[in-house]
Amino acid sequence: MTGPEAGERDYDVVVIGAGPAGLAAAEVSARSGLSVLLVDENEDVGGQILRRRLPRPGCSPAGAVVPAGVTFLNRTTCVGIHPGFMVSLDVAGKGRASSARAVVVATGAVEQVFPVPGWTTRGVMTAGAAQTLLKGSGVFPFRAPVVAGTGPLLLATASQLIRAGVSVRAIVEASTPRPGLRDLAGLARGGRTLVEGAGYVKDILSARVPILSGYAVTEVRGGRAVEAVDVRKVDRSWHVVAEGSRRSIECDSLLLNQGFSSSTDLVTQAGADLDWDARARVWLPWRSAELATTVPGLYAVGDCAGVGGRELAAVEGELAGLAVAVAAGRAEGAEAARRKAERRRRQLLRFRRSLDPMFRTGDGVTTWLTPDTIVCRCENVSARTVSAVAGVGAGSIASVKLGTRAGMGLCQGRTCRHVVQAMLDASAGVPPTAIPDEPPRGRFPIRPVSVDVLAHDGPSARHAEVSPEPDEESVT
């Protein structure tokens, strides 16, 4: 690792995000003889999935390492990418600027959680937050959690909790996966992911943790802290099928996850275009065969360009690193490596396209909300407030933001944007397959920063020269 002054020089390539995709891109680029700056918001490399564990007596710390020849800046946030490329960095509260010939964005994804009544009670957190606690410290503050939502992360989280000695009360899976023959052929391409999944299931069955498939947590009960959760039977679109199906599970915490949302704000702030992915029903960066965006020299890899998991992210990072090397005239041996990586990427994409539809969030998820349920936690905006604004003609996320401040808090809508969109669609009777009116677009700075960062003598001090034209939303 190097000090913050490392951000003040020029590099052949800047890689943003040190998870599996960013590490692979940085390693391949450095191996080709290019100068590489790798930045990440965390203390160490590895991202969420490869996060370094604290060492225990007699054990070596597990996790990823900084590739040889790569300059790494930890506790560093990229707050903007400007033409040229000039990259604005917030290094532990200090502004820095780096220029590069190419930029690889590997910022991953954020957990997607839909609110339920009572979800602001102490003891409710995301499944990923529980994993972070376990991986970072080896401990978990609760002893009897319920893990709920949809998707394979529920199994992974429950397995890790069980191995840590935590008594998981139940796994509540809202979806009811029923793969067809064609899906089974695609799932067979999962390789390592399937083996890991089998290990999770084994842990869960050995601990005799009940799995409630086709059920959803629709209310959290308790005063100052979680005491129990109510679950109900739901259909394939997640509408409650019968009021009499309600049952209560005593617990001291609730871990929620309903998938992930790709972090596209930095890519769009840099000027890249998004395309609507009808299969996943999300906006994702347009990418060429080399994983380049519509901005020449800007690449988007891993979960920020479509959630696919660790192995797919690493393969895409390798492909981007090879593309950067070829563009820089360092193409020796690149063609054979590219063909091998592309072949594996096609297999993994087929696996994800078979897996993901089985755990898609149903459009009935907003029917669980009560008027007092908080939708935007940053600005304390309730479902009643959002519905009232939608009822008087607010038809877009931008108009709801102006009328309620939902999405204007610290997270800048990364937590509540999908919830507001789902409420608008339900209010207007829009089918889930419809394309939203406009894609999201990040603006500089994409994260809250101090005045010191903005005053830095670099691109961050000249952001007005390269910012998008002001529109109604940004002016207001």
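These legends accompany close-up views of a predicted model. Local features need pLDDT of at least 70 and side-chain atom pairs count only at pLDDT 80 or more, while totals for chains, interfaces and linings use all residues. Residues are numbered from 1 along each chain as its sequence is written, and side-chain values use heavy atoms, with hydrogens and water left out.

**View 1. The buried face of helix α2 (residues 127–137).** Helices (H or I, at least four residues) and strands (E, at least two) are DSSP runs, numbered from the N terminus. The buried residues of α2 are Ala127, Gly128, Ala130, Gln131, Leu134 and Lys135, where buried means under 20% relative accessible area with a 1.4 Å probe, protein chains only. Seen down the axis of α2, they fall within an arc of 155 degrees (taken from the directions from the helix axis to the C-beta atoms), so they line one face of the helix. After α2 comes Gly138, with a positive phi near 80 degrees.

**View 2. An edge-to-face pair of Phe140 and Phe142.** Rings of Phe, Tyr and Trp (its six-membered ring) pair if their centres lie within 6.5 Å; planes under 30 degrees apart count as stacked, over 60 as edge-to-face and the rest as tilted. The centres of Phe140 and Phe142 are 5.9 Å apart, with 65 degrees between the planes, and both residues are buried.

**View 3. The stacked rings of Trp238 and Trp368.** Their centres are 6.1 Å apart and their planes lie at 5 degrees, so the pair is stacked. Trp238 lies in the loop between β13 (228–233) and β14 (247–250), and Trp368 in the loop between α8 (334–355) and β20 (374–376), 130 residues apart. Trp238 is buried at 1% relative accessible area, and Trp368 is buried at 8%.

Notes:
Buried < 20%, exposed > 50% of the residue type's maximum accessible area, 1.4 Å probe, protein only.
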